[in-house]
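Please read these notes next to the sequence and the coordinates.

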Amino acid sequence: MRYVQIPVPVNSPLPKASSISHMAYFCSQVLSTSFFTPKSQIPVLLNPGVACIKSFHQYRFLHIKAMQGDKVSTPTPSDECMVRVPHVLTVAGSDSGAGAGIQADLKACAARGVYCSTVITAVTAQNTVGVQGVNIVPEDFVAEQLRSVLSDMHPDVVKTGMLPSIGIVKTLCQSLKEFPVQALVVDPVMVSTSGHTLAGPSILDIFREELLPMADIATPNLKEASALLGGVPLETIADMRYAAKAIHDIGPRNVLVKGGDLPASLDAVDVFYDGKDFYEFRSSRIMTPNTHGTGCTLASSVAAELAKGSQMLSAVKVAKRYIEAALSYSKNIAIGGGRQGPMDHLLKLKSNVQRRPFDPCDLFLYAVTDSRMNERWGRSIVDAVKAALEGGASIIQLREKEVETSDFLEAAKACLKICRVHGVPLLINDRIDVALASDADGVHIGQSDMPAHVARVLLGPDKIIGVSCKTPEHAQQAWIDGADYIGSGGVYPTNTKENNKTIGLDGLKTVCLSSKLPVVAIGGIGISNAQAVMGLGVPNLKGVAVVSALFDRECVLTETRKLLEVLKESTK
Ligand SMILES: Cc1ncc(COP(=O)(O)OP(=O)(O)O)c(N)n1
Ligand SMILES: Cc1ncsc1CCOP(=O)(O)O
Ligand SMILES: [Mg+2]
């Protein structure tokens, strides 16, 4: 007899017995267990005393008895189990420039894998220069939005941002009493980073008297912390500790005082106080004008982690790490003409801008490096790649079977820089981890490497994936798995890859004809036979991939140039 533990958020109604089998099915899939409880025999025991309740404070656990060996049945479509996702409601203002406010919250929650609903308190006209206008949403309409979301969608956590009037704060507190949530994150937004007042000093009393005492965490910056404490100057870390404690005395269970604006500090230091202990979070200051939205993003990232079930301290830690990564990632993006640009919450903007889409013609002269050959000729990977690029290679693959991982990563990063200059994609052979860590353009994988459909999930939709295929079946699978091209060979015998079956020109033609994807031929190809390969005349054969004919030679540049001429001739 075994038990399945099913976490159920405290505020959700208990599932009906009929849906418990679906949840057990879900758990059996998620937890890869091999048991399943038939509907009719489910003794359900709600056990609020289980140890796990402490570590996942907002869940209680259903214990379901299950027999080991019970069959896992596949639910019919109408039986499909419904999975509750973590949910944050943000109550904040809209930022037309989309760096901060509601838009930042939506992006941060999406990036952190959490559903986000929105109650809009004000609509602001703002950009990277500043705030040009503010239109406050009438209090009763804020109340209506709150009721719509809270009464029906039961968010786990509420996060507040711009609350521009006393009436709106009162309405919010009232709604939260009527519809309690598991955690309340209060970002006491008062002044925009450009200096525009978003909630005036008249709001301070209601913050102190009603909202903050309800909060599980408050996340003021230095100016906001000072305002909440009657204008005390906050200039040192000792001052921040004092402020965290003094704000904690107002009522929130935890306080994070953000020290991004601390004068004369090389590090960015935030102080967290949980009523008992102080924690300092230090990170090196990232020099960038793109900081608009940092506060909103941090608070909604904390809210997102809480909604997923984290303890407060780990929620803050993870959120801090996320902000640092996002700031560093987006430090150079250029949006708008003003002094302060938005940060990129989705960690994607920059790489997407730089990466051009895959073009099958890139396969024309495909240069594949080999560490042993480079060693033999006394050149580094980077020098080999430079020479191939100058000679006209249209795509580069780093096929480094012997190098240490750290050296491989450094080489990949260096090669990527040079490839970018030439506008040529860089692929990594076999190593998805190195491709991810270096942000290379993609990977090439074989039949016994990471399966292509798994690589696609790991690498996302944009990266290039090439798959080695010797047969039409391989080619068909590569298409299904989401590959971008296939490499087919060895066309001719080769010493570069051991135990590699040669498929010949006929085998290559068969694979090409069965492939929906563009094909590059590989194996024993060089100046002497490239024309014969391209002469096959199948439209999706786009080029040749070459190792020794380029890299097991004295001058990579000369050999690449010569091969390019041969290939150009073959297309005339
Ligand atoms: C373009 C191209 N085609 C085929 C291969 C071979 O990949 P794989 O079968 O995984 O063998 P290894 O190269 O990993 O030994 C390739 N690398 N490139
Ligand atoms: C990696 C690989 N896959 C099939 S053949 C081959 C080796 C190609 O090397 P060369 O171009 O030196 O024959
Ligand atoms: Mg491989």
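1. Basis. This is a predicted model, in which local features need pLDDT of at least 70 and side-chain atom pairs count only at pLDDT 80 or more, while totals for chains, interfaces and linings use all residues. Residues are numbered from 1 along each chain as its sequence is written, chains are lettered from A and ligands numbered from 1 in the order written, and side-chain values use heavy atoms, without hydrogens and water.

2. Placement of the pair. Asp 430 sits in the loop between strand 15 (426-429) and helix 15 (432-438), and Asp 449 in the loop between strand 16 (442-445) and helix 16 (452-459), so the two tie together parts 19 residues apart in sequence. Helices (H or I, at least four residues) and strands (E, at least two) are DSSP runs, numbered from the N terminus.

3. Polar contacts of ligand 1 (pairs of N or O atoms within 3.5 Å). A polar side-chain atom of Lys 401 is 2.6 Å from an oxygen atom of the ligand. For a side-chain N or O atom of Asn 429 the distance to a ligand oxygen atom is 3.1 Å, and for a backbone N or O atom of Gly 446 it is 3.0 Å.

Definitions and conventions:
A polar contact is a pair of N or O atoms within 3.5 Å; within protein, one must be able to donate a hydrogen and the other to accept it, and residues adjacent in sequence count only if both atoms are side-chain atoms.
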